[in-house]
Amino acid sequence: YIKLLNSIPRNNDPRHTRNLAIIKLLKDTGARIGEILSLNIEDVKEKSGIVRTEKSRGKRPFRQIFWTDDTQKALEKWIQKREEISNKKSLIDKNALFISTCGACARKRLTTKGTSETFRRYAEKAGIPTINAHSFRHGLAHQIVKNGGSGVDVMNILGHSDLSSSTVYTEMFGDELNERYQK
């Protein structure tokens, strides 16, 4: 995560500002990339937001996500850049929090395909294996359990409708398993 963040240039390019906010949101929230990209400006509050869940099957179509102060700062920087862009040219999707900033898709809602390609480029630049957005989801769930959280905590934070969906994220092996046993 740190290597990936360090590969993102800290300059005035709105793409990097946006991508930093997206990566930080993914790490802090455990949300699916589609959920993050479906966020609208009005869905975002101070260190929390409401996502439309992709796999709810009608049981829980919305859930609240939370993030840290550091992620809030990155998000505020992006929102400021987004506002500057919208002041120059009107946005095609006026509600979208994350928009494309260049090319044929400029001013439209960002897509998962474009975001995946961005992650690939940053990972290559950082000299790490390609990371996908879902890796952050697994990482957060693992941390929740490692820090003493339950499968139910994982289920609620990740927005699973069934506890059995959360078990794959909570598996521990080797030293971590022994450490949990000793506690």
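The exercises below treat the aromatic rings of a predicted model.

Residues are numbered from 1 along each chain as its sequence is written. In this predicted model local features need pLDDT of at least 70, side-chain atom pairs count only at pLDDT 80 or more, totals for chains, interfaces and linings use all residues, and side-chain values use heavy atoms, with hydrogens and water left out.

**Exercise 1.** Classify the pair Y1 and F136, and state which parts the pair ties together.

Solution. Rings of Phe, Tyr and Trp (its six-membered ring) pair if their centres lie within 6.5 Å; planes under 30 degrees apart count as stacked, over 60 as edge-to-face and the rest as tilted. By this rule there are three aromatic pairs. For Y1 and F136 the centres are 6.2 Å apart and the planes stand at 85°, so the pair is edge-to-face. Y1 lies in the segment before α1 (2–6) and F136 in helix α6 (residues 133–146), so parts 135 residues apart in sequence are tied together. Helices here are DSSP runs (H or I, at least four residues), numbered from the N terminus.

**Exercise 2.** Which residues form one aromatic cluster?

Solution. The cluster consists of Y1, F119 and F136. Within it, Y1 is partly exposed at 29%, and F136 is buried at 6%.

Key
Helix = DSSP H or I, 4+ residues; strand = E, 2+ residues; numbered from the N terminus. Buried < 20%, exposed > 50% of the residue type's maximum accessible area, 1.4 Å probe, protein only.
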